[in-house]
Amino acid sequence: MATKIRLQRRGRKGYAFYSIVVADARAPRDGRFTEKIGTYNPNTDPATVDLNFDRALYWVEVGAQPTDTVRSILGHEGVYLMKHLKGGVKKGAFDEAEAQKKFDAWKAERDQSTEKKRTVVAKAKKEAFEKELRAERAINEAIAKKVAEKKAALAEAQAQAEAAEDAPAEA
């Protein structure tokens, strides 16, 4: 039986949300699966991945073939790096503690770059919001100025009308 690691679509129309599942290669995309090993939400920036790392590593080690997108996700999460490091341990290139140290260093660097991207995106959103707010305030001030001018002109016309009414009465 050929096993695949693939995405299973969830979510509503226009807002896709995926489950990362292990399934028989002959099963349909949203059909039966063997095990759910995580979720993938491409709608956030950066995309959100919740993955059961140990189970994903197990399935990759036993020969499950991921789809292209899932391969990219697993690579980004470090599953393939850990598989590579475990291969080095088996060959005797280094011990398990050193492999774990290398993996932890890589993960810390990756987490730092992800957090940096999140702050850049949040800062850009905040700046765009503030720019919109300033533009809206300028428009509101212009409208308020026009309204004040109309009220002043109306008050002046009303004062002239009252002065005209008072003038014939005095004459």
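The following legends describe close-up views of one predicted model.

Residues are numbered from 1 along each chain as its sequence is written. In this predicted model, local features need pLDDT of at least 70 and side-chain atom pairs count only at pLDDT 80 or more, whereas totals for chains, interfaces and linings use all residues; side-chain values use heavy atoms, with hydrogens and water left out.

**Figure 1. Overall layout of the chain.** The chain contains four helices and five strands, where helices (H or I, at least four residues) and strands (E, at least two) are DSSP runs numbered from the N terminus. Read from the N terminus, the elements follow the order β-β-β-β-α-β-α-α-α. Along the principal axes, the C-alpha atoms occupy a box of roughly 115 × 40 × 20 Å. Of the 171 residues, 25% count as buried (buried means under 20% relative accessible area, exposed over 50%, and partly exposed in between, with a 1.4 Å probe and protein chains only).

**Figure 2. The open sheet.** Five strands form an open sheet in the order S4-S3-S2-S1-S5, with mixed pairing. S4 and strand S5 (65–66) are the edge strands, each pairing on one side only. Two strands pair if DSSP finds at least two bridges between them. Strands of a sheet pair through backbone hydrogen bonds, either parallel or antiparallel.

**Figure 3. Strand S1 and its two neighbours.** Ten bridges link strand S1 (residues 3–12) to strand S2 (residues 15–24) in the antiparallel sense. Within this pair, arginine 9 has tyrosine 18 in S2 as its bridge partner. The hairpin of S1 and S2 has two residues between the strands, and glycine 14 in this hairpin adopts a positive phi near 80 degrees. S1 and S5, by contrast, run parallel and are joined by two bridges. Isoleucine 5 lies opposite proline 66 in S5.

**Figure 4. Strand S3 between S2 and S4.** S2 and S3 run antiparallel and share five bridges, and isoleucine 20 has glycine 38 in S3 as its bridge partner. Strand S3 (residues 35–41) also runs antiparallel to strand S4 (residues 48–51), to which four bridges join it. Asparagine 41 faces threonine 48 in S4 as its opposite residue. S3 is largely enclosed by the rest of the structure, because six of its seven residues are buried.

Figure 5. Tyrosine 40 belongs to strand S3 and stands opposite valine 49 in S4. Its relative accessibility is 15%, so tyrosine 40 counts as buried. Leaving aside residues up to four places away in sequence, tyrosine 40 touches Leu7, Phe17, Tyr18, Ile20, Ala47, Thr48, Val49 and Ile73; contact means heavy atoms within 4.5 Å. Serine 19 is 21 residues from tyrosine 40 in sequence, yet the two are 6.1 Å apart in space, C-alpha to C-alpha.

**Figure 6. The largest pocket.** This pocket has a volume of about 330 Å³. On a 1 Å grid over the protein atoms alone, a pocket is an open set of points where a 1.4 Å probe fits, with protein on both sides within 12 Å along at least five of seven lines, and lining residues have an atom within 4 Å of a point. Grid points are joined across faces, edges and corners, and the volume is the space filled by probe spheres set on the points. The lining comprises 15 residues, with Ala47, Val49, His76, Glu77 and Thr114 nearest the centre. At least two lining residues come from each of S4, helix H2 (68–77) and helix H4 (96–170), and H4 contributes the most, with six. By type, the lining divides into five nonpolar, four polar and six charged residues (Ala, Val, Leu, Ile, Met, Phe, Trp, Tyr, Cys and Pro count as nonpolar, Asp, Glu, Lys and Arg as charged, and the others, Gly among them, as polar).
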